[in-house]
Amino acid sequence: MKPPSLSGWVLSLASSLVCIACIAGMPSATAAELEVQGSRLLVSGMLDGTAIKEFTEQLASGSVHTVVFKDSFGGTAEAAGAFADAIRASGVQTEVRGQCMAACAYAFLAGKTHRFGYGAQVNGILLPVAARPTAAELAVRWRGDETHKTLADFTPTVGSAAKPVEASAPPPKDNWQPDHGVLFTASPTLFGRVYNTYYCDGTQGRDFSKCERLADADPYKLGVLTP
């Protein structure tokens, strides 16, 4: 394939900066809202557990084929596990349009296939991590059962039984820091979408332009997105 011209690289860089700025300017969080659009179930807002009963019932009806997360800016680790369990049990596909952060990102990974939506919007997902992953950990961290193990870092009720902790240690769910994680972005350009990956240590707050860019972290190769 012919490599992009210099102007293409400029557009790619500009799009990446726009993407980071877009995420940094996220609106105030609201509770999750559900909207049925034919065979698609649109989910927006915080995954705080308030909509899990309705969400599970919608998937159990068998009429939903794709769950679309649109601008869902976080939630709790417990809600992430509940939404993910419902998605996995129903075998539906998942899609992200706009931003999908923290709890949303883990629920997104539970889909039979999990993809970014098409269109002119900037897409991004932020997966919380307890510590900076190594290159080897990145390669398997969000594939199959490894996703459960990662979420278990934050809540002992997900996955296998919780390991005993010292009395002085904070509860595992206290480690849930939605702004601390690996951020995957997809920005539209004249040459197609450009994908970038960043590690955010949490100190950046909502200014994701301060995150460290990671090399060799293609979301398709890492299993975060499926073809």
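This is a predicted model: local features need pLDDT of at least 70, side-chain atom pairs count only at pLDDT 80 or more; totals for chains, interfaces and linings use all residues.

Me: How many helices and strands does the protein chain have, and what makes a run of residues count as one?

Reply: The protein chain has 6 helices and 9 strands. Both are DSSP runs numbered from the N terminus: a helix is H or I over at least four residues, and a strand is E over at least two.

Me: Why is C200 called buried, and why is C211?

Reply: Buried means under 20% relative accessible area, exposed means over 50%, and partly exposed lies in between (1.4 Å probe, protein chains only). C200 has 0% relative accessibility and therefore counts as buried. C211 has 10%, so C211 counts as buried too. In the protein chain, buried residues make up 45% of the 227 residues.

Me: What makes C200 and C211 a disulfide?

Reply: The criterion is a pair of cysteine sulfur atoms within 2.5 Å. The sulfur atoms of C200 and C211 are 2.1 Å apart, and the two residues form a disulfide. The torsion about their S-S bond is 110 degrees, and the link is right-handed. The pair links distant parts of the chain, 11 residues apart: C200 is in strand β8 (residues 192-201), and C211 is in the loop between β8 and β9 (212-213).

Me: Why is the disulfide of C100 and C104 called left-handed?

Reply: The torsion about the S-S bond of C100 and C104 is about -110 degrees, so this disulfide is left-handed. Its S to S distance is 2.0 Å, and both cysteines are buried. The structure holds 2 disulfides; with the bonded cysteines numbered in sequence order, the pairing is 1-2, 3-4.

Me: How do you know that β3 and β4 are paired?

Reply: Two strands pair if DSSP finds at least two bridges between them. β3 and β4 are joined by 6 bridges and run parallel.

Me: What is the handedness of the unit made by β3, α3 and β4?

Reply: β3, α3 and β4 make a right-handed β-α-β unit. The crossover from β4 through α4 to β5 is right-handed as well. A crossover is right-handed if, with the strands pointing away from the viewer, the path from the first strand over the helix to the second runs clockwise.

Me: Which residues touch the most other members of the largest nonpolar core?

Reply: They are L47, F55, F69, I125 and W142, in a core of 48 residues. Such a core is a set of buried Ala, Val, Leu, Ile, Met, Phe, Trp, Tyr and Cys residues joined through side-chain atoms within 4.5 Å. A second, separate core of 8 residues includes F73, L183, C200 and C211. Not counting residues up to four places away in sequence, F69 touches residues including V43, L47, I87, C100 and C104; contact means heavy atoms within 4.5 Å.

Me: Is D71 buried, partly exposed or exposed, and why?

Reply: With a relative accessible area of 33%, D71 is partly exposed. D71 lies in strand β3, and its phi is near 45 degrees, a positive value in a residue other than glycine. Most residues other than glycine have a negative phi.

Me: Why is A102 called buried?

Reply: The relative accessible area of A102 is 0%, so A102 is buried. A102 is placed in the loop between β4 and α4, and its phi, near 55 degrees, is also positive.

Conventions:
Residues are numbered from 1 along each chain as its sequence is written. Side-chain values use heavy atoms; hydrogens and water are left out.
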